[in-house]
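Please read the following points beside the sequence and the 3D view.

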Amino acid sequence: MRAAVVTSFTTPLQVMDVPVPEPGPEDVLVRIETSGLCHTDIHAAHGDWPVRPTPPFVPGHEGVGRIERLGSAVTSRDVGQRVAIAWLGGACGRCRYCISGWETLCEEQTNSGYSVDGAFAEYAVVPAAFATPVPDEVTSLDAAPLTCAGVTTYKAIRVARVAPAESVAVFGIGGLGHLALQYAQIAGAFTIAVDVEDHKLDLARSLGADHVVNAAREDPAEAIQRLGGADVSVALAASSASFDQAFRSLRRGGRLVCVALPAGGTMQVPIFDTVLKGISVIGSIVGTRNDLADVFALHAAGRTEVVSLERKLDDVNESIDDVLAGRVPARIVFGLG
Ligand code: ZN
Ligand code: ZN
């Protein structure tokens, strides 16, 4: 099968022929139709983070396709069923996190396209229990970005406990940001979009953002404070400076939700302001299988719009360059079908 493989952290990905993976007893083999490109795949390919994947490996954790073969012990899925393969590629199901609805914090979890091979390939293997069914109303092109960008921002809005008429500032309008705006609106919030690219702010406006701020031209924290301050800031841009701006944008009682993972990123949190203003700082990592089912249900009901650009897997390196240069409005999805 064709796959885009990271062979080292300093060379481009290689699109090459590799063996079709063999499903274990509890796994399913999925023929991939679409596979989204997430910033995390780029961090993986470059070995940016403290815990590194081991080359050679296949990135990709927004994989959508049909089950072609079941492992010998699988009874919960069917051949031909369309499923999504997300970042959470497996969890133990027994630990305190798994049994309390926080499987995303499981210390024994596997991560698709990082600790196990992912979906930048014609086939991928995943435990049947972690192959999340995709409703018929959701196209494979839309399902791919929802599988990471969607579930991650849906969870960020959930953990921030966004209430109607609150204001939510979204820092970074890309694959994640354009969906974060929509989940904040579904929760009843007013939204403020922050980015450094005007074309992304145009996209935010077209998706119903109440205000937009270009952080290349003015200090977004000052601009947002002039609007009364944000109840919730969602930090989605892979830049440490934007986390600081997101914090300073908050009003009293505000919540900062940290989602992006800038390489070597640090954040200075002023204790005085945090205490006197009753501010919360929350880390939020992807979402559970239930969260992903919610995300699909909202999309199937027509409540969200996914903006994406389809490319061929052969264009993976050019696509990474385009993402890093800010040239992609929202998400790139590789079509493999
Ligand atoms: Zn991702
Ligand atoms: Zn666990």
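1. A residue is called buried when its relative accessible area is under 20%, exposed when over 50%, and partly exposed in between (1.4 Å probe, protein chains only). Of the 337 residues in the protein chain, 54% are buried.

2. The model is predicted: local features need pLDDT of at least 70 and side-chain atom pairs pLDDT 80 or more, whereas totals for chains, interfaces and linings use all residues. Residues are numbered from 1 along each chain as written, chains are lettered from A and ligands numbered from 1 in the order written, and side-chain values use heavy atoms, without hydrogens and water.

3. The protein chain has ten helices and 17 strands; these are DSSP runs, helices (H or I) of at least four residues and strands (E) of at least two, numbered from the N terminus.

4. Which residues hold the zinc ion (ligand 1)? Its protein donors are Cys 38 (SG), His 61 (NE2) and Cys 148 (SG), at 2.0 to 2.2 Å. Donors are N, O and S atoms within 2.8 Å of the metal (3.2 Å for Na, K and Ca); water is not among the atoms, so sites may look incomplete.

5. The spacing of the donor residues in sequence is C-x22-H-x86-C. Because His 61 lies in the loop between helix H1 (39-46) and strand E4 (63-70) and Cys 148 in helix H3 (residues 140-159), the pair ties together parts 87 residues apart in sequence. His 61 is buried, at 1% relative accessibility, and Cys 148 is buried, at 5%.

6. Ile 271 belongs to helix H8 (residues 271-276). With 66% relative accessibility, Ile 271 counts as exposed.
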